[in-house]
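Here are some exercises to work through with the model open beside you. Try each task before reading its solution.

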Amino acid sequence: MTKLVFALAGACMFLATVPVWAHHSFAAEFDPQKPIKLTGTVTEMEWINPHSWIHIDVKGSDGKVTSWMVEGGSPNALLRRGFTKESLPAGAVIMIEGYQAKDGSNRANGRDITFADGRKLFLGSAGTGAPDEKTGEK
Amino acid sequence: MSNRFLASFCAAAAATVAFAFIASAPAAAQTTGSTALFAKEGAKTWTPPRTPDGVPDLQGVYTNSTQVPLERPKNVGAKEFYTREEAEALMKKAAETHEVVAPGTYGDVHYSMAQFGLEKGQSAIAESLRTSLIIGATGRVPDLLPEARTRQAARAAANKGHEFDGPENRGLAERCIIWGAEGPPMLPIGYNSNLQIVQGKGYVAIMQEMIHDVRIIPTDGRTHVASSVHELLGDAVGHWEGDTLVVDTTNFTDRTAFRGSGEDLHVVERFTKVDPNTVRYQFTVEAPHTWAEPWSAEIPMTKIDGPIFEYACHEGNYGMPNNLSGARAEEKKLAEKK
(Lines give C-alpha, C1' and ligand atoms only; values in the text may rest on other atoms or scores of the structure.)
Protein backbone atom coordinates (compact mmCIF):
# COMPACT_ATOMS: atom_id res chain seq x y z
CA MET A 1 0.00 0.00 0.00
CA THR A 2 1.32 3.35 -0.90
CA LYS A 3 0.10 6.27 1.09
CA LEU A 4 1.10 9.73 0.04
CA VAL A 5 0.88 12.34 2.70
CA PHE A 6 0.75 15.96 1.75
CA ALA A 7 1.28 18.69 4.24
CA LEU A 8 -0.15 21.70 2.55
CA ALA A 9 1.14 24.85 4.12
CA GLY A 10 -1.48 27.49 4.22
CA ALA A 11 -4.05 25.17 2.68
CA CYS A 12 -7.66 25.23 3.58
CA MET A 13 -10.58 23.26 2.38
CA PHE A 14 -13.56 25.02 0.93
CA LEU A 15 -16.63 22.88 0.92
CA ALA A 16 -19.52 24.28 -1.04
CA THR A 17 -22.05 23.40 1.62
CA VAL A 18 -24.27 25.35 3.95
CA PRO A 19 -22.04 27.50 6.20
CA VAL A 20 -21.27 25.76 9.45
CA TRP A 21 -22.89 28.53 11.41
CA ALA A 22 -26.26 28.09 9.77
CA HIS A 23 -27.46 26.43 12.93
CA HIS A 24 -27.05 29.62 14.86
CA SER A 25 -28.83 32.73 13.95
CA PHE A 26 -26.07 35.28 14.45
CA ALA A 27 -28.22 37.57 12.37
CA ALA A 28 -30.79 37.55 15.14
CA GLU A 29 -28.32 38.15 17.91
CA PHE A 30 -25.79 40.72 16.74
CA ASP A 31 -26.12 43.91 14.73
CA PRO A 32 -23.80 44.45 11.76
CA GLN A 33 -24.56 48.18 12.08
CA LYS A 34 -23.07 48.25 15.56
CA PRO A 35 -19.36 47.52 15.22
CA ILE A 36 -17.41 47.72 18.44
CA LYS A 37 -13.79 47.79 19.55
CA LEU A 38 -13.10 46.91 23.14
CA THR A 39 -10.03 46.53 25.29
CA GLY A 40 -10.61 44.72 28.53
CA THR A 41 -9.29 42.49 31.24
CA VAL A 42 -10.44 38.90 31.26
CA THR A 43 -12.47 38.03 34.34
CA GLU A 44 -13.60 34.60 33.22
CA MET A 45 -13.74 32.38 30.15
CA GLU A 46 -16.59 29.93 29.82
CA TRP A 47 -15.23 26.90 27.94
CA ILE A 48 -18.67 25.73 26.89
CA ASN A 49 -20.70 24.70 23.90
CA PRO A 50 -22.30 25.62 21.60
CA HIS A 51 -20.12 28.72 21.91
CA SER A 52 -17.44 29.77 24.34
CA TRP A 53 -17.87 33.10 26.06
CA ILE A 54 -15.14 35.41 27.31
CA HIS A 55 -16.08 37.83 30.07
CA ILE A 56 -14.09 41.05 30.24
CA ASP A 57 -14.08 44.22 32.28
CA VAL A 58 -13.79 47.30 30.10
CA LYS A 59 -12.69 50.60 31.58
CA GLY A 60 -14.25 53.57 29.82
CA SER A 61 -12.59 56.94 29.30
CA ASP A 62 -14.55 58.15 32.31
CA GLY A 63 -12.91 55.48 34.45
CA LYS A 64 -16.15 53.55 34.81
CA VAL A 65 -15.83 49.78 34.44
CA THR A 66 -18.45 47.82 32.54
CA SER A 67 -18.66 44.07 32.09
CA TRP A 68 -18.97 42.57 28.62
CA MET A 69 -19.35 39.04 27.38
CA VAL A 70 -17.90 38.08 24.03
CA GLU A 71 -18.90 35.07 21.96
CA GLY A 72 -16.31 32.68 20.54
CA GLY A 73 -16.23 29.22 19.01
CA SER A 74 -16.69 25.71 20.34
CA PRO A 75 -13.69 24.92 22.58
CA ASN A 76 -13.53 21.23 21.68
CA ALA A 77 -10.84 21.57 19.03
CA LEU A 78 -8.71 23.67 21.38
CA LEU A 79 -9.07 21.12 24.17
CA ARG A 80 -7.96 18.38 21.79
CA ARG A 81 -4.84 20.41 21.06
CA GLY A 82 -3.91 20.60 24.71
CA PHE A 83 -5.39 23.95 25.69
CA THR A 84 -7.08 23.90 29.09
CA LYS A 85 -9.57 25.97 30.99
CA GLU A 86 -6.58 27.79 32.45
CA SER A 87 -5.26 28.82 29.04
CA LEU A 88 -6.90 32.24 29.12
CA PRO A 89 -6.36 33.34 32.71
CA ALA A 90 -8.20 36.08 34.52
CA GLY A 91 -6.21 39.29 34.28
CA ALA A 92 -5.13 38.83 30.66
CA VAL A 93 -5.69 41.96 28.60
CA ILE A 94 -7.38 41.37 25.26
CA MET A 95 -8.74 43.49 22.45
CA ILE A 96 -11.99 42.63 20.70
CA GLU A 97 -13.26 43.72 17.33
CA GLY A 98 -16.78 42.64 16.61
CA TYR A 99 -20.41 43.59 16.66
CA GLN A 100 -22.70 44.43 19.52
CA ALA A 101 -25.91 42.65 20.50
CA LYS A 102 -29.09 43.87 18.85
CA ASP A 103 -30.80 44.39 22.17
CA GLY A 104 -28.10 46.86 23.19
CA SER A 105 -26.75 44.80 26.07
CA ASN A 106 -23.02 44.46 26.75
CA ARG A 107 -22.63 41.43 24.56
CA ALA A 108 -20.56 41.17 21.42
CA ASN A 109 -19.60 38.71 18.76
CA GLY A 110 -15.81 38.50 18.97
CA ARG A 111 -14.76 38.50 15.33
CA ASP A 112 -11.11 39.28 16.00
CA ILE A 113 -9.55 38.82 19.41
CA THR A 114 -5.94 39.74 20.11
CA PHE A 115 -3.68 40.22 23.05
CA ALA A 116 -2.28 43.66 23.77
CA ASP A 117 0.87 42.80 21.80
CA GLY A 118 -1.13 41.99 18.68
CA ARG A 119 -0.87 38.19 18.96
CA LYS A 120 -4.13 36.48 18.06
CA LEU A 121 -5.92 34.50 20.69
CA PHE A 122 -5.35 30.73 20.74
CA LEU A 123 -4.47 29.52 17.26
CA GLY A 124 -4.59 32.80 15.45
CA SER A 125 -3.51 32.30 11.89
CA ALA A 126 -1.14 29.37 12.53
CA GLY A 127 -1.08 26.54 15.03
CA THR A 128 0.81 27.89 18.01
CA GLY A 129 1.70 26.60 21.41
CA ALA A 130 -0.35 23.53 22.14
CA PRO A 131 0.25 20.13 20.53
CA ASP A 132 -1.45 19.49 17.18
CA GLU A 133 -4.45 17.28 16.84
CA LYS A 134 -3.25 13.92 15.57
CA THR A 135 -4.74 11.24 13.40
CA GLY A 136 -4.86 7.91 15.17
CA GLU A 137 -2.32 5.86 13.26
CA LYS A 138 -2.12 2.88 15.56
CA MET B 1 -12.10 49.31 8.25
CA SER B 2 -10.55 47.42 5.42
CA ASN B 3 -12.09 44.48 3.68
CA ARG B 4 -11.11 41.25 5.22
CA PHE B 5 -11.00 37.79 3.79
CA LEU B 6 -13.40 35.34 5.26
CA ALA B 7 -10.87 33.73 7.57
CA SER B 8 -13.03 30.75 8.21
CA PHE B 9 -12.13 29.26 4.84
CA CYS B 10 -8.51 30.10 4.34
CA ALA B 11 -6.50 30.13 7.53
CA ALA B 12 -2.85 29.35 7.39
CA ALA B 13 -3.35 27.15 10.42
CA ALA B 14 -3.91 24.26 8.04
CA ALA B 15 -0.14 23.95 7.80
CA THR B 16 -0.53 21.42 10.56
CA VAL B 17 -2.81 19.16 8.59
CA ALA B 18 -1.73 16.19 6.52
CA PHE B 19 -4.01 15.01 3.76
CA ALA B 20 -3.48 11.41 2.85
CA PHE B 21 -4.57 10.04 -0.46
CA ILE B 22 -4.47 6.51 -1.69
CA ALA B 23 -2.13 5.94 -4.59
CA SER B 24 -4.10 3.33 -6.48
CA ALA B 25 -7.05 3.65 -8.78
CA PRO B 26 -10.38 2.57 -7.33
CA ALA B 27 -10.70 -0.60 -9.37
CA ALA B 28 -7.38 -2.00 -8.14
CA ALA B 29 -7.51 -5.31 -6.34
CA GLN B 30 -5.11 -4.22 -3.61
CA THR B 31 -6.19 -5.55 -0.29
CA THR B 32 -4.17 -3.61 2.23
CA GLY B 33 -4.62 -0.17 3.73
CA SER B 34 -7.44 2.11 2.86
CA THR B 35 -7.34 1.05 -0.79
CA ALA B 36 -9.61 -1.65 0.58
CA LEU B 37 -12.27 1.05 0.69
CA PHE B 38 -12.63 0.63 -3.03
CA ALA B 39 -12.24 -3.12 -3.30
CA LYS B 40 -15.11 -4.89 -4.96
CA GLU B 41 -17.72 -6.40 -2.66
CA GLY B 42 -16.78 -9.99 -1.92
CA ALA B 43 -13.09 -9.47 -2.67
CA LYS B 44 -10.78 -10.78 0.03
CA THR B 45 -10.06 -7.99 2.45
CA TRP B 46 -8.48 -7.49 5.84
CA THR B 47 -10.28 -9.32 8.62
CA PRO B 48 -11.04 -7.26 11.71
CA PRO B 49 -10.39 -8.71 15.16
CA ARG B 50 -13.34 -9.90 17.24
CA THR B 51 -14.87 -8.60 20.45
CA PRO B 52 -15.16 -11.02 23.39
CA ASP B 53 -18.59 -12.10 22.13
CA GLY B 54 -17.25 -12.97 18.71
CA VAL B 55 -18.48 -10.13 16.50
CA PRO B 56 -16.26 -7.80 14.46
CA ASP B 57 -14.65 -5.09 16.56
CA LEU B 58 -15.49 -1.69 15.11
CA GLN B 59 -14.69 0.21 18.26
CA GLY B 60 -12.76 3.43 18.31
CA VAL B 61 -12.93 7.18 17.93
CA TYR B 62 -13.26 8.29 14.32
CA THR B 63 -13.69 11.36 12.22
CA ASN B 64 -15.86 11.39 9.12
CA SER B 65 -14.68 14.84 8.10
CA THR B 66 -14.01 14.90 4.39
CA GLN B 67 -13.23 17.25 1.53
CA VAL B 68 -15.76 15.41 -0.63
CA PRO B 69 -19.12 17.17 -1.07
CA LEU B 70 -22.35 15.24 -0.58
CA GLU B 71 -23.47 16.01 -4.13
CA ARG B 72 -21.29 15.82 -7.19
CA PRO B 73 -20.61 19.09 -8.99
CA LYS B 74 -22.72 18.99 -12.15
CA ASN B 75 -19.79 19.52 -14.49
CA VAL B 76 -18.18 16.28 -13.28
CA GLY B 77 -20.91 14.18 -14.85
CA ALA B 78 -20.80 10.43 -14.21
CA LYS B 79 -17.23 10.24 -12.92
CA GLU B 80 -17.18 8.77 -9.41
CA PHE B 81 -13.46 9.14 -8.62
CA TYR B 82 -10.84 11.77 -9.24
CA THR B 83 -7.27 10.80 -9.94
CA ARG B 84 -4.88 11.81 -7.23
CA GLU B 85 -3.60 14.65 -9.41
CA GLU B 86 -7.09 15.99 -10.01
CA ALA B 87 -7.90 15.88 -6.31
CA GLU B 88 -4.67 17.71 -5.46
CA ALA B 89 -5.39 20.38 -8.03
CA LEU B 90 -8.87 20.91 -6.62
CA MET B 91 -7.54 21.27 -3.10
CA LYS B 92 -4.95 23.75 -4.30
CA LYS B 93 -7.65 25.78 -6.05
CA ALA B 94 -9.80 25.74 -2.93
CA ALA B 95 -6.87 26.96 -0.87
CA GLU B 96 -6.40 29.89 -3.22
CA THR B 97 -10.04 30.87 -3.19
CA HIS B 98 -10.79 33.75 -0.89
CA GLU B 99 -14.23 34.99 -0.19
CA VAL B 100 -14.30 38.69 0.50
CA VAL B 101 -16.63 39.64 3.31
CA ALA B 102 -17.58 43.26 3.65
CA PRO B 103 -17.67 44.75 7.13
CA GLY B 104 -21.09 45.86 8.26
CA THR B 105 -22.77 42.86 6.66
CA TYR B 106 -24.12 39.76 8.36
CA GLY B 107 -21.35 37.71 6.74
CA ASP B 108 -18.85 39.58 8.88
CA VAL B 109 -20.73 38.88 12.10
CA HIS B 110 -18.87 35.75 13.07
CA TYR B 111 -16.02 34.72 15.34
CA SER B 112 -12.79 33.64 13.70
CA MET B 113 -13.06 29.89 13.13
CA ALA B 114 -9.30 29.53 12.71
CA GLN B 115 -8.57 30.97 16.14
CA PHE B 116 -10.55 28.13 17.67
CA GLY B 117 -9.20 25.40 15.41
CA LEU B 118 -12.58 24.91 13.79
CA GLU B 119 -11.58 25.30 10.15
CA LYS B 120 -12.01 22.06 8.25
CA GLY B 121 -8.34 22.06 7.30
CA GLN B 122 -7.22 22.26 10.91
CA SER B 123 -8.29 18.74 11.82
CA ALA B 124 -7.81 15.25 10.49
CA ILE B 125 -9.76 14.29 7.40
CA ALA B 126 -10.81 10.84 6.23
CA GLU B 127 -9.30 10.18 2.84
CA SER B 128 -11.32 9.67 -0.31
CA LEU B 129 -10.90 10.34 -4.00
CA ARG B 130 -14.63 10.34 -4.61
CA THR B 131 -16.18 13.18 -6.57
CA SER B 132 -19.21 13.04 -4.27
CA LEU B 133 -20.32 11.10 -1.23
CA ILE B 134 -23.43 10.08 -3.15
CA ILE B 135 -22.55 7.18 -5.40
CA GLY B 136 -23.93 6.33 -8.82
CA ALA B 137 -24.32 7.97 -12.19
CA THR B 138 -25.51 11.39 -11.08
CA GLY B 139 -24.03 11.63 -7.59
CA ARG B 140 -26.91 13.88 -6.60
CA VAL B 141 -30.01 13.65 -4.44
CA PRO B 142 -33.06 12.84 -6.59
CA ASP B 143 -35.60 15.60 -7.11
CA LEU B 144 -38.33 15.89 -4.52
CA LEU B 145 -41.70 14.40 -5.40
CA PRO B 146 -44.51 16.97 -5.72
CA GLU B 147 -46.07 15.86 -2.42
CA ALA B 148 -42.76 16.48 -0.68
CA ARG B 149 -42.52 19.98 -2.14
CA THR B 150 -46.04 20.67 -0.93
CA ARG B 151 -45.11 19.46 2.54
CA GLN B 152 -42.05 21.70 2.62
CA ALA B 153 -44.01 24.74 1.45
CA ALA B 154 -46.72 24.15 4.02
CA ARG B 155 -44.16 23.93 6.80
CA ALA B 156 -42.50 27.18 5.72
CA ALA B 157 -45.84 28.94 5.36
CA ALA B 158 -46.95 27.89 8.84
CA ASN B 159 -43.88 29.46 10.43
CA LYS B 160 -43.81 32.58 8.29
CA GLY B 161 -44.04 35.68 10.44
CA HIS B 162 -43.54 33.58 13.56
CA GLU B 163 -39.87 32.75 13.18
CA PHE B 164 -38.94 34.34 16.50
CA ASP B 165 -42.12 33.97 18.54
CA GLY B 166 -40.44 31.57 20.88
CA PRO B 167 -37.98 28.66 21.10
CA GLU B 168 -40.45 26.30 19.45
CA ASN B 169 -40.30 28.37 16.27
CA ARG B 170 -36.55 27.99 15.98
CA GLY B 171 -34.80 25.04 14.38
CA LEU B 172 -34.00 21.93 16.40
CA ALA B 173 -30.25 22.63 16.19
CA GLU B 174 -30.63 26.16 17.46
CA ARG B 175 -32.57 24.70 20.39
CA CYS B 176 -29.74 22.23 21.01
CA ILE B 177 -32.11 19.30 20.60
CA ILE B 178 -30.48 17.54 17.67
CA TRP B 179 -28.05 18.39 14.85
CA GLY B 180 -29.15 17.84 11.27
CA ALA B 181 -26.07 15.83 10.36
CA GLU B 182 -26.74 13.25 13.09
CA GLY B 183 -29.29 11.53 10.92
CA PRO B 184 -29.20 8.74 10.51
CA PRO B 185 -27.75 8.81 7.95
CA MET B 186 -24.73 10.29 9.70
CA LEU B 187 -23.11 13.03 7.65
CA PRO B 188 -19.91 14.99 8.15
CA ILE B 189 -20.31 18.37 9.83
CA GLY B 190 -18.09 21.42 9.55
CA TYR B 191 -16.22 20.94 12.81
CA ASN B 192 -15.97 18.42 15.65
CA SER B 193 -17.06 15.86 13.06
CA ASN B 194 -16.22 12.94 15.31
CA LEU B 195 -17.91 9.86 16.59
CA GLN B 196 -17.15 6.96 18.88
CA ILE B 197 -18.25 3.36 18.46
CA VAL B 198 -18.58 1.23 21.58
CA GLN B 199 -19.75 -2.36 21.57
CA GLY B 200 -21.27 -4.53 24.27
CA LYS B 201 -22.95 -7.91 24.20
CA GLY B 202 -25.90 -7.57 21.86
CA TYR B 203 -25.46 -3.82 21.28
CA VAL B 204 -23.51 -1.32 19.27
CA ALA B 205 -23.50 2.27 20.52
CA ILE B 206 -22.47 5.22 18.40
CA MET B 207 -21.88 8.57 20.03
CA GLN B 208 -21.70 11.56 17.73
CA GLU B 209 -19.81 14.50 19.19
CA MET B 210 -22.25 16.84 17.50
CA ILE B 211 -24.27 16.96 19.61
CA HIS B 212 -23.49 14.46 22.31
CA ASP B 213 -26.16 11.98 21.29
CA VAL B 214 -25.78 8.23 21.50
CA ARG B 215 -27.48 5.85 19.09
CA ILE B 216 -28.02 2.57 20.90
CA ILE B 217 -28.42 -0.17 18.32
CA PRO B 218 -29.54 -3.61 19.49
CA THR B 219 -28.18 -6.56 17.53
CA ASP B 220 -30.24 -9.22 19.31
CA GLY B 221 -32.63 -9.78 16.42
CA ARG B 222 -35.55 -7.74 17.74
CA THR B 223 -37.90 -6.01 15.31
CA HIS B 224 -38.73 -2.33 15.11
CA VAL B 225 -40.99 -0.62 17.61
CA ALA B 226 -44.65 -0.07 16.72
CA SER B 227 -45.30 2.26 13.78
CA SER B 228 -47.09 4.68 16.07
CA VAL B 229 -43.82 5.44 17.83
CA HIS B 230 -41.68 8.18 16.31
CA GLU B 231 -38.22 9.14 17.45
CA LEU B 232 -35.91 12.00 16.48
CA LEU B 233 -33.07 9.56 15.68
CA GLY B 234 -35.51 6.95 14.44
CA ASP B 235 -35.60 3.39 15.74
CA ALA B 236 -32.52 1.38 14.82
CA VAL B 237 -31.99 -2.38 14.80
CA GLY B 238 -28.76 -4.01 13.70
CA HIS B 239 -27.45 -7.36 12.59
CA TRP B 240 -24.18 -8.74 11.28
CA GLU B 241 -23.65 -9.89 7.71
CA GLY B 242 -20.18 -11.40 7.71
CA ASP B 243 -17.88 -8.61 8.83
CA THR B 244 -20.44 -5.88 8.16
CA LEU B 245 -22.79 -4.33 10.67
CA VAL B 246 -26.09 -3.57 8.97
CA VAL B 247 -28.34 -1.05 10.72
CA ASP B 248 -31.95 -0.56 9.69
CA THR B 249 -33.68 2.60 10.94
CA THR B 250 -37.32 3.57 10.65
CA ASN B 251 -39.93 5.36 12.82
CA PHE B 252 -38.66 8.89 12.20
CA THR B 253 -40.63 11.99 13.09
CA ASP B 254 -41.35 14.69 10.52
CA ARG B 255 -39.30 17.17 12.55
CA THR B 256 -35.84 16.27 11.32
CA ALA B 257 -37.06 16.27 7.71
CA PHE B 258 -33.80 14.89 6.27
CA ARG B 259 -33.41 16.50 2.83
CA GLY B 260 -37.15 17.09 2.69
CA SER B 261 -38.23 13.65 3.88
CA GLY B 262 -40.47 12.91 6.86
CA GLU B 263 -41.91 9.94 8.71
CA ASP B 264 -41.53 7.93 5.51
CA LEU B 265 -37.73 7.87 5.80
CA HIS B 266 -36.03 4.47 5.90
CA VAL B 267 -32.25 4.28 6.32
CA VAL B 268 -30.00 1.25 5.91
CA GLU B 269 -26.40 1.74 6.98
CA ARG B 270 -23.46 -0.61 6.57
CA PHE B 271 -20.30 -0.40 8.67
CA THR B 272 -17.23 -2.42 7.69
CA LYS B 273 -13.79 -2.10 9.24
CA VAL B 274 -11.50 -2.34 6.22
CA ASP B 275 -8.16 -1.75 7.91
CA PRO B 276 -6.93 -0.94 11.42
CA ASN B 277 -7.71 2.77 10.93
CA THR B 278 -10.66 2.87 8.57
CA VAL B 279 -14.35 2.11 8.65
CA ARG B 280 -16.23 2.13 5.36
CA TYR B 281 -19.63 3.66 6.08
CA GLN B 282 -22.30 3.30 3.45
CA PHE B 283 -25.94 4.20 3.55
CA THR B 284 -29.03 3.87 1.40
CA VAL B 285 -32.06 6.04 2.07
CA GLU B 286 -35.54 5.69 0.72
CA ALA B 287 -38.70 7.65 1.40
CA PRO B 288 -41.60 6.82 -0.92
CA HIS B 289 -43.37 10.15 -0.24
CA THR B 290 -40.22 12.13 -0.86
CA TRP B 291 -38.09 10.61 -3.64
CA ALA B 292 -39.07 8.41 -6.57
CA GLU B 293 -36.08 6.17 -5.93
CA PRO B 294 -33.60 5.38 -3.16
CA TRP B 295 -30.14 6.86 -3.18
CA SER B 296 -26.87 5.82 -1.55
CA ALA B 297 -23.62 7.29 -0.34
CA GLU B 298 -20.27 6.18 1.00
CA ILE B 299 -18.30 8.09 3.60
CA PRO B 300 -14.93 6.93 4.93
CA MET B 301 -14.23 7.20 8.62
CA THR B 302 -10.68 7.37 9.90
CA LYS B 303 -9.43 6.76 13.40
CA ILE B 304 -8.33 9.76 15.43
CA ASP B 305 -6.68 9.94 18.83
CA GLY B 306 -9.72 11.36 20.53
CA PRO B 307 -11.12 11.77 23.06
CA ILE B 308 -14.53 12.96 22.12
CA PHE B 309 -15.07 16.08 24.17
CA GLU B 310 -18.54 16.50 25.56
CA TYR B 311 -20.59 18.90 23.46
CA ALA B 312 -23.13 19.76 26.12
CA CYS B 313 -25.24 22.17 24.13
CA HIS B 314 -28.45 23.20 25.84
CA GLU B 315 -26.71 23.92 29.12
CA GLY B 316 -24.57 26.63 27.52
CA ASN B 317 -27.04 27.91 24.96
CA TYR B 318 -26.96 31.63 25.66
CA GLY B 319 -27.77 32.00 21.99
CA MET B 320 -31.43 31.11 22.37
CA PRO B 321 -32.42 33.84 24.84
CA ASN B 322 -30.06 36.22 23.04
CA ASN B 323 -31.73 35.57 19.68
CA LEU B 324 -35.19 36.08 21.09
CA SER B 325 -34.06 39.21 22.91
CA GLY B 326 -32.62 40.54 19.67
CA ALA B 327 -35.89 39.84 17.88
CA ARG B 328 -37.86 41.68 20.58
CA ALA B 329 -35.50 44.64 20.24
CA GLU B 330 -36.02 44.72 16.46
CA GLU B 331 -39.79 44.58 16.90
CA LYS B 332 -39.67 47.44 19.37
CA LYS B 333 -37.56 49.48 16.97
CA LEU B 334 -40.01 48.88 14.14
CA ALA B 335 -42.99 49.71 16.34
CA GLU B 336 -41.41 52.98 17.47
CA LYS B 337 -40.92 54.03 13.87
CA LYS B 338 -44.67 53.92 13.24
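A residue counts as buried if 20 or more other C-beta atoms lie within 10 Å of its own, exposed if 12 or fewer, and partly exposed in between, with C-beta atoms placed from the backbone. Helices (H or I, at least four residues) and strands (E, at least two) are DSSP runs, numbered from the N terminus. This is a predicted model, where local features need pLDDT of at least 70, side-chain atom pairs count only at pLDDT 80 or more, and totals for chains, interfaces and linings use all residues. Residues are numbered from 1 along each chain as its sequence is written, while chains are lettered from A and ligands numbered from 1 in the order in which they are written.

**Exercise 1.** Work out which residues of helix 1 of chain B are buried and which exposed residues sit on the face turned away from them.

Start with the span: helix 1 (residues 84-96) of chain B has 13 residues and reaches 19 Å from its first C-alpha to its last. That is close to the 18 Å expected at 1.5 Å a residue (1.5 Å times one less than the number of residues).

Next, pick out the buried residues: A87(B), M91(B) and A95(B). They cover an arc of only 75° around the axis, so they lie on the same side of helix 1 of chain B; the arc is that of the directions from the helix axis to the C-beta atoms.

**Exercise 2.** Trace the open sheet of chain B and find its edges.

Two strands pair if DSSP finds at least two bridges between them. On that basis, nine strands of chain B line up as 7-6-5-3-12-11-10-9-8, with antiparallel pairing. Strand 7 (213-218) and strand 8 (235-241) of chain B each have a single partner strand, so they stand at the edges with one side lacking a neighbour in the sheet. From one strand to the next, the twist averages 25° (axes are lines fitted to C-alpha atoms, for helices over the stretch in contact, and angles run from 0 to 180 degrees between N-to-C directions).

Now zoom in on strand 7 of chain B, which is joined to strand 6 (residues 203-208) of chain B by six antiparallel bridges. A205(B) is opposite I216(B). Four residues separate these two strands in a hairpin, and H212(B) in the turn has a positive phi of about 65°.

Further along, four bridges link strand 3 (residues 60-63) of chain B with strand 5 (residues 194-200) of chain B, again antiparallel. Here G60(B) has I197(B) as its bridge partner.
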